[in-house]
Structures are given as structure tokens and as C-alpha cells.
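Here is a short tour of one protein model. Keep the sequence and the 3D view side by side as you read.

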Amino acid sequence: MSAQTSPAEKGLNPGLMCQESYACSGTDEAIFECDECCSLQCLRCEEELHRQERLRNHERIRLKPGHVPYCDLCKGLSGHLPGVRQRAIVRCQTCKINLCLECQKRTHSGGNKRRHPVTVYNVSNLQESLEAEEMDEETKRKKMTEKVVSFLLVDENEEIQVTNEEDFIRKLDCKPDQHLKVVSIFGNTGDGKSHTLNHTFFYGREVFKTSPTQESCTVGVWAAYDPVHKVAVIDTEGLLGATVNLSQRTRLLLKVLAISDLVIYRTHADRLHNDLFKFLGDASEAYLKHFTKELKATTARCGLDVPLSTLGPAVIIFHETVHTQLLGSGERWDHPSEVPEKLIQDRFRKLGRFPEAFSSIHYKGTRTYNPPTDFSGLRRALEQLLENNTTRSPRHPGVIFKALKALSDRFSGEIPDDQMAHSSFFPDEYFTCSSLCLSCGVGCKNSMNHGKEGVPHEAKSRCRYSHQYDNRVYTCKACYERGEEVSVVPKTSASTDSPWMGLAKYAWSGYVIECPNCGVVYRSRQYWFGNQDPVDTVVRTEIVHVWPGTDGFLKDNNNAAQRLLDGMNFMAQSVSELSLGPTKAVTSWLTDQIAPAYWRPNSQILSCNKCATSFKDNDTKHHCRACGEGFCDSCSSKTRPVPERGWGPAPVRVCDNCYEARNVQLAVTEAQVDDEGGTLIARKVGEAVQNTLGAVVTAIDIPLGLVKDAARPAYWVPDHEILHCHNCRKEFSIKLSKHHCRACGQGFCDECSHDRRAVPSRGWDHPVRVCFNCNKKPGDL
């Protein structure tokens, strides 16, 4: 670092002597200043001192004419140039430190230090030296910003114009590991926002386009990188400008505000209007209500230590006036001047707006008597706030892009009723889901596009019942009393019943309500009379919202008729393919349900009671009306009246033994006859029902065609609206039949809906037709 001093250099600073006395005893003129040694040094002392290993890397500078050393204590900022330290006016010979005026008053104005001898520096050339340094610094800064250009970051339709992080960093023209902050500007169109940024950060170069025409020169959001202050500067489209997408533009402004560390609100009005305070107040409320959660999620994804949403950006209100005084500058005997920030807070309170999301709000004004505008005060305020990292820390440019991308993905799409008049700059409609409940009309309270994360629709208020959607959910009352909430669905059969047995039970005893924990808790026609409503006995009712665009209302029993038709189809197919086995099973069960009390149940009859011939699956079992035992056809082919059993005078089937003993009166009490009378009547009716089961195959097509429309569940798309397969888009014709998926209710061709799965949420506990997409869903449908 040291070098031989030419004779011409000697005598340039005759008042500055060596302050080390290491080799020269303080008699030689100072040639160097070492910042880390905090002293002026002659040539010999500088060489001797810095030969030592621990001092070799000290930063030293060669003194120029009129040099005044820096203060060793304050390490502060001077003027509006960051990094320029205060110059010293004296050097304490005892403490061996250089002191500026403020530090001398602070440390040497009292006590023993007051008597310390000091050397006064010659500051006559200090101003010239500072101006020269400032000019050099200004020249370096201008050169750094010569190649800066702006680019379109987001267009007027809220579409990001950069593809990824790498593209964003390339257009910003900064290093990927560079830590930077974001400064954005807002204000009304025509107030000179772009002009302000150009003169504040880029020394008047037209980095952001300006225009004297009536049209807005900035459409969308533009960005540029300031290498001097290491900030990403964002220019926005002006408020009150002519635009067809007013709502989208306003929502876009809040996205930019949310990723900013410092916001400038530029106003050229002679007085601060209410719109300024309403804009900032509404922006604060929307930021806290809608953006905080999404920014925290982005913080987690990027692995940042400090959340982006801990506090919102700082705000500078830059107010330029021509004919009026600046805020807080007016002073009268009855109205002394006040701090502008306090006056601004009072205005916010009077308007009922509370900008609590912002970390701070500052006022910086300038009065322009004659152009050009003075931006030096705004620049100094910006630099001081950018140096403050206590609330908002700089981060990599990739993090900034991720935050903007996350907000754009979440808060995008059309805004309903764009022309409606709002009292707020940022109404909730701009950021919340636009879905409305089909039953009660209330809106969803979640953020836009929440369905992408699997979050269901939610509403603030309760729903009302609508017969059209039957939006009731049943929960098991017994489980609820045990602290559980288990939903139950009315359906045609229990999950343990086979499809054809379930159909027979449905025809006989009505629909059932089955709880996964308690089993079947209700049958609609369990008794001949006196069946109670399930709501009064075994279930609780809750009215739920019906949202559009979903699979429809799951918890309904409106598809009971279709389930019956599906069951009849299944039975018909079983009778055709599996012979008479299913029909015999249904017949045996139905017989047991309506048989008199003295009849032996079909399940206990394994062989003929007379000839002992074993019954096969397809064999018919006959009951003797007299004794009630089971016989084969040959052993019970005779008939005779059995009035003592309540069958009246008409001949009925009896076994051979009872036929031969027809003259012997059975010992049947009168009470037995009365008890069996009702069941015998039911049996007679049941025999007519039983005889119709044999015709189910031939008669199935006619009722299906007649009642298909009436039996359609509420969530099924009507047949006349289905023109193409929902999956492969093939057009339906006479040759290409349409089928409904039992899970989603859409129409499909046979190839796209040939899979079979149980759909318990719709009331099908057994495999039924589902489409290709629903079959891929994991878990229960």
C-alpha cells in the first residue's frame, strides 16, 4: 500500500502531522490515513506499522490537499449520500481520536476530558473537498444506471409476462444471489409517477416511459432494477384512468403492494384528497384479510426465516404543491404547526380507515414555485427507509417472483358484476370465491381458487332447506350422544344384504337408514302401522349449503327410485344368467316374512317332511296349510278346507297325512285363530305378490322405459342435455347408448363407464356403474 512520496507531494497538508509517533516521534507530515488504525501517518510510520502481520491488510488512503480526517466515533451518515461519514474538526491528543463537533460535545464537554489538549483541523477547504467527493460519487452512480431498462412484468389482464424465476432475474439484470428490496409507486393517472421514479432512482433517464398525451403512458405493471440502491423499482398503472378492466386493475395494484417493501403514493393535488386515505385504508384491510395467509404460505415454501407478511410495506406520501403550503407547515397564533404524520393519522381516524397493515407512514412534501420538481428530499427519505432492515429484510429476486406468482395464481379469474359501484377501493368480491349457494344464495367466504388446494366451499351463515335440492344431512342420534358425528344416508337396503335380497326387502319394508357404527337403525315400513318419522327417533337433521360446480348434493335419498330400477335390472340379469337361484332366494325370504306363525321357516326346511327327499337350490318348498311343515310337490298335492287355521271354506294345499286325517279336528285354540288371522290375510296377499316374481324378466323393459325420467336422481344430468360422452366426446346416437355415472351423474358411453364400484355416499352399497374418472378416485365414493 505504501509508496515513495515525491517532493511535490510534500507540503500539501502542512497542518496535518503524523499522529502515530511510531517511527518519527510525531514530527513528520502526515501522508496516509488508515481507517482501521484511526490515525494519520507519515511515510515512515505507515511502513513500519503495516509490516506487522496483523496490520498488513489495513485499508489506507493517500491524503489529498485540504484533507480532513473522519470522525472516529459517530460512524454516521452525512447529507444525502449513504456511506459518507462525518468529518472531524479536532483531534484529542490524549485519547488519540478524531472528533466531529457533535461527538466532541458529547464526549469532551465535561469531566476530566474537558481539559484534554486538542488539535484543530483546518476546515477551510472542507466544503470544496466534500463537493468534489459528491461529484465523483454522483458520476459513478449515473454510470451504473446508464444501461438500465424497464420491462413489462404484468399486463392489464393480470397475466405475468415472465415465464419463470430465471427469466425474471434475466430481465431485471441482477445477480441471482443479490439481496434486494422492492419499491413501488401508486397514484392517480397524470400525477407523474413514472417521472418521479426516473428522477429519484435513475437521474432523469426515461427508464419508465412518460408522455405528454392524454392517454395513460403506463398500462399494466413495469419493473426495473436500480443497481445503486439495490432495489427492484415497480411502476403501476394510474388510478382514475380510462380502462375497461377497472376491477382487475385495482386488484393488480394490491398484489404489487403486497410484495413491496416501500410504497410511494404520489399526489400532485394542492390538498390531500379523501381518496388517498380511503385507498390506503382499504388496501391495508384487504392486505390483512386476504393476502397475509398466502404470503405466509409462500414464506414456508421458500424457506425464509422472516415471514413476508409480518408487517406490510412502509408508505411515503409524496405531496407536491404549487399554490398551497405543505402539510404541517402552516403556523398561526391559534393553530401552531404540527407533525405531518400526526395530521395524516387524524385524517385516517376521521374517515374510519385504519392503515394498520403498513409498518410506517411518512409524509414528504415539496413545493414547486418554478419547475423542475425537487426530488432530493424524497430520495433522502427513501434511502433512510431502505437502510432500515428491522421490519422488512432484503431477499433474493427469486423469492419476489414466487410471491407475485403465488398471489396471481390465488387471486385470478373474472370478477362478478364489474360495473357495480363500490364504496371500497378493494371490495371482498375482488378476492373471495364467487360461488353462491344454490339453496340460500349466500356467497362462499374462502379466497379465490381455493378448490385447487382441496379446500371446500364455506359460508358465514347457515343455509335454509330447499325441497328442490333436499339439502338435509342425517346424522346418527346415538353416535351424536356419544360425542361422534356420523352421517347416514337413506337407502334401499342394508350393506349386508345381497342386491336381489335388498330389492325384495325394499319392496316389502321400505327404505332403511344404516349407521356404520350402530347398523340398521330405521326401516320406513317396519310395522303394519304406527311407523314414526326417523327425525323424531333415530337421526338428527342438519341443513347444508348446495354449491354449484361440485358433484351435487351427496346426502339425499332422491335416487331411491333409480336404485329400485337398478336393482330390478340386476335381478332380471341374475334370473337370466344364474337360472332360478336368486328368484328362489327372494321367494323363500318373502314367504318367511308373511307366513303364519305356525309355519316352519324356509331356512329350516332342508328335506321333505314325509319322504325325506333333500331339497336342491331350484326345488320348490310347499307348506301344508294345516300342520305348517314343509313338503315336496308330490307329498302335498292334495287340497281341502282348513277353516280351523283361518283359511275359510275354500280348499287349500295340505300334505298327504293331513288330507287323510281330514275328519280329525285339530286342537287349535281360539286365541291362536285370532292371532293368525291377520297373518293369513297377509299370506294371501303375499301369494299374489310371489306369483308376479316369475314374470319379472319379461316385464322389466316396459316399466323401465315408462318411469326412467321420473326415477332420475336430482344430481343426474337430464338425458336431453347429454349430447356427447363427457369423457371421449363421442356424439350419442341410436347405436351409441348413454349411461349415467352413479357417482358424478354425468352422461357417458359404455366404454367410458364400464367400471363397477360401490358408491355409499349416493346410497349404493353394492357395485354399480361409474365412469372412468370417478373410478380412479381413491377411497370411498
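## Two buried phenylalanines

Start with phenylalanine 186 and phenylalanine 279. Both are buried, where buried means under 20% relative accessible area, exposed means over 50%, and partly exposed lies in between (1.4 Å probe, protein chains only).

The two rings form a tilted aromatic pair, 6.0 Å centre to centre with 45° between the planes. Rings of Phe, Tyr and Trp (its six-membered ring) pair if their centres lie within 6.5 Å; planes under 30 degrees apart count as stacked, over 60 as edge-to-face and the rest as tilted. This pair links distant parts of the chain. Phenylalanine 186 belongs to strand S8 (residues 181–187), phenylalanine 279 belongs to helix H7 (residues 274–302), and 93 residues separate them.

## The model as a whole

The model is predicted: local features need pLDDT of at least 70, side-chain atom pairs count only at pLDDT 80 or more, and totals for chains, interfaces and linings use all residues. Residues are numbered from 1 along each chain as its sequence is written, and side-chain values use heavy atoms, with hydrogens and water left out.

The protein has 20 helices and 27 strands. Helices (H or I, at least four residues) and strands (E, at least two) are DSSP runs, numbered from the N terminus. Of the 781 residues, 44% are buried. Take the contacts (heavy atoms within 4.5 Å) between residues at least 6 apart in sequence: 61% of them join residues at least 24 apart.

How many aromatic pairs does a search of the whole structure find? It finds eight. One of them is phenylalanine 151 with phenylalanine 168, an edge-to-face pair at 6.4 Å centre to centre and 75° between the planes. Phenylalanine 151 is in strand S7 (residues 151–154), and phenylalanine 168 is in helix H4 (residues 165–172), 17 residues apart.

Phenylalanine 151 counts as buried because its relative accessibility is 8%. Phenylalanine 168 counts as buried too, because its value is 4%. Ring pairs link Phe151, Phe168 and Phe401 into a cluster.

## A seven-strand sheet

Now look at the sheet. Seven strands form an open sheet in the order S7-S9-S10-S8-S11-S12-S13, with mixed pairing. Two strands pair if DSSP finds at least two bridges between them. The edge strands, S7 and S13 (358–367), each pair on one side only. On average, neighbouring strands are turned by 25° against each other, direction ignored.

Strand S12 (residues 312–321) pairs with S13 in the parallel sense, over nine bridges. Alanine 314 stands opposite serine 360 in S13.

## Helices across the sheet

Helix H6 (residues 246–259) lies across S7, S8, S9, S10, S11, S12 and S13, running at about 145° to S8. Helix H8 (residues 340–350) lies across S12 and S13, at about 115° to S13. Axes are lines fitted to C-alpha atoms, for helices over the stretch in contact, and angles run from 0 to 180 degrees between N-to-C directions.

## A buried threonine

Is threonine 196 buried or exposed? Threonine 196 counts as buried because its relative accessibility is 0%. This residue is found in helix H5 (residues 193–201). Leaving aside its neighbours within four places in sequence, threonine 196 is in contact with Ile185, Arg266, Phe318, Phe375 and Leu378.
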